Every structure is written in C-alpha cells, then in structure tokens.
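Please look over the sequence and the three-dimensional structure shown here before reading on.

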Amino acid sequence: ELANPTSVSEVSFFMLPGAPVPPGYGVVLYYAMPPYQAWTLVGSVFPNKPSGIFRTGWATNEAMVGCPVVQLGVSIES
C-alpha cells in the first residue's frame with residue numbers, strides 16, 4: 001500500500017535483469033483505491049523495454065480526494 005497517494009506524481013517501474021517473463025508477455029502495474037475492487041492501469045514494462053516512469057495523475061484525479069492510501073498490484077500478461 002502507498003500512503004498519501006496524491007503526493008506521488010510519477011512512479012518508476014522496472015524489471016530486474018534476468019526476470020523470468022515468458023516470451024510475448026510483459027509486467028503490468030495497476031493501482032486500486034479502497035475497497036480495492038476496481039484496478040486501474042498505471043503502465044507496463046517488457047523484456048525489450050524493462051523500465052519506465054509513469055505519470056499517476058493522482059493529484060488531479062477528483063476520485064482521489066481524501067483517499068488516504070492506494071494499493072499497487074503487479075500482473076504478468078500477454
């Protein structure tokens with residue numbers, strides 16, 4: 001979980017060298033606000049582009065007003 005999410009304008013996301021990601025797949029980063037039922041895409045990285053800096057937009061997102069925390073989720077997807 002990430003406390004005070006509206007103070008975070010960018011997220012750096014990367015795969016470690018040698019990460020066991022199958023060919024044709026990438027690693028996707030999502031976030032959810034309480035009660036953590038709706039997940040929103042932040043960005044994705046792939047073996048040929050193993051890192052990225054993604055803007056969150058949380059500071060200007062009206063739904064985030066008063067949200068004390070977000071949860072980050074990672075998924076391996078095609």
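The paragraphs below treat the sheet, the nonpolar core and a salt bridge in turn.

The model is predicted: local features need pLDDT of at least 70, side-chain atom pairs count only at pLDDT 80 or more, and totals for chains, interfaces and linings use all residues. Residues are numbered from 1 along each chain as its sequence is written, and side-chain values use heavy atoms, with hydrogens and water left out.

Strands are DSSP runs (E, at least two residues), numbered from the N terminus, and two of them pair if DSSP finds at least two bridges between them. Four strands make up an open sheet, ordered β1-β6-β3-β4, with antiparallel pairing. Because β1 (2-3) and β4 (40-45) each have a single partner strand, they stand at the edges, and one side of each lacks a neighbour in the sheet. Two bridges connect β1 with the antiparallel strand β6 (residues 69-77); L2 has V70 of β6 as its bridge partner.

V70 also belongs to the largest nonpolar core, which has 15 residues; F13, V27, Y31, V45, W58 and V70 touch the most other members. Such a core is a set of buried Ala, Val, Leu, Ile, Met, Phe, Trp, Tyr and Cys residues joined through side-chain atoms within 4.5 Å, where buried means under 20% relative accessible area, exposed over 50%, and partly exposed in between (1.4 Å probe, protein chains only). Strand β3 gives the most to this core, namely three residues.

One salt bridge is counted, defined as a side-chain nitrogen of Lys or Arg within 4 Å of a carboxyl oxygen of Asp or Glu. It joins the side chains of E10 and R55 (3.6 Å, N to O). E10 lies in strand β2 and R55 in strand β5 (residues 51-55), 45 residues apart. E10 is partly exposed at 42% relative accessibility, while R55 is exposed at 71%.
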